[in-house]
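Please look at the structure before reading the points below.

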Amino acid sequence: MDEGGLAERIPILRMGEFLLVTIQVDMHDRLAIRLQEELTQRISATRAKGVLIDITALDIVDSFIGRILGNIAQLSRVLDAQTVVVGMQPAVAITLVELGLPLPGIRTALNLERGIALLHAALGTSPPAESRHDRRGE
Amino acid sequence: MIVEGSEKIAIRQSGDIVRVRQIVRHWSVRLRFSIVDQTKLVTAASELARNTFEHGGGGICVLESLMEGARAGLRLRFEDEGPGIANVDLALKDGYTTGSGMGLGLGGARRLVDEFAITSHPGQGTQVTITRWR
């Protein structure tokens, strides 16, 4: 039978002019390809300006997942949106560098909040008042 | 060197790549590998399991936990009976790919482990063995 079932998908949430994807499962290859396809459609349908991909829960990024993240970044750019990958675990970052994965065109931020700030800065828009307030404490 | 435990995992469909990752993670936690070592070994296993599935047409992964003196290790052997690799040296080079990855599978996996061995002959399949010590 099919791996993981056909109904399985990664939810894409809308957050104002951004789309938010939080990967919570150990992502098999077909699920990654499906995410790439669905995200591309959603960017186009919602005219999103930014995409945040939260990989906090992802405990590995191999060359296949890396390629999918790179594809998403490139596809979103063609559709006039920017992609930021947030929440990469330190062990994943160390492994990626040793693996030699270049992650071309992928912008990263430490966490979701900084990812949102990065998107606002790139777009020249202002972040919501709350996150501006939070950043003063840094 | 003593083989303390072993497990055999069939690689028949792309979902088995995830299963290999989960089982290798389970054993590396059990052997108290550091989180970085766990991540490196699981990532290398993921690359090699995908090669076995995509290029070898499926096969097996045999996992063995090792003990040598005071040090513990995990050895993984990936075997397929696929078409084999005509030029192993070329296949180990970064950027060389015949599949859907980034061409980092073999060379990348080699960089993530302590020991790496490959045997492949056209028409006779491929065997890759990797070991990581704690």
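In this predicted model, the contact draws 25 residues from chain B and 26 residues from chain A. Together the two chains bury about 2,200 Å², and 6 salt bridges are counted between chain B and chain A.

**Contact between the chains**

- Carbon and sulfur atoms account for 55% of the area that chain B and chain A bury between them.
- One of the salt bridges pairs B:Arg50 with A:Asp29, and their closest N and O atoms lie 2.7 Å apart.

**Second largest pocket**

- The volume of the second largest pocket is about 160 Å³.
- Strand E2 (59–68), strand E3 (71–80) and E5 of chain B each give two or more residues to its lining.
- Among the lining residues are B:Gly58, B:Gly59, B:Ile60, B:Glu79, B:Asp80 and B:Glu81.
- The lining also includes B:Thr119, B:Gln124, B:Gly125, B:Thr126 and B:Gln127.
- Sorted by class, the lining of this pocket holds 7 polar, 3 charged and 1 nonpolar residues.

**B:His121**

- B:His121 sits in the chain B loop that runs between strand E4 (115–120) and strand E5 (126–133).
- B:His121 has a relative accessible area of 43%, so it is classed as partly exposed.
- Apart from neighbours within four places in sequence, B:His121 is in contact with B:Pro83 and B:Gly84.
- B:Gly82 is 39 residues from B:His121 along the chain, and the C-alpha atoms of the two are separated by 9.7 Å.

Note on methods. Residues numbered from 1 in each chain as written. Chains lettered and ligands numbered in written order. Predicted model: local features only at pLDDT ≥ 70, side-chain atom pairs only at ≥ 80, totals over all residues. Heavy atoms only, no water. Helix = DSSP H or I, 4+ residues; strand = E, 2+ residues; numbered from the N terminus. Buried < 20%, exposed > 50% of the residue type's maximum accessible area, 1.4 Å probe, protein only. Contact = heavy atoms within 4.5 Å. 1 Å grid on protein atoms, 1.4 Å probe; cavity = no way out; pocket = protein on both sides within 12 Å on 5 of 7 lines; lining within 4 Å. Points joined across faces, edges and corners; volume = space filled by probe spheres on them. Nonpolar A, V, L, I, M, F, W, Y, C, P; charged D, E, K, R; others polar. Buried area = accessible area lost by both parts, 1.4 Å probe. Salt bridge = Lys/Arg side-chain N within 4 Å of Asp/Glu carboxyl O.
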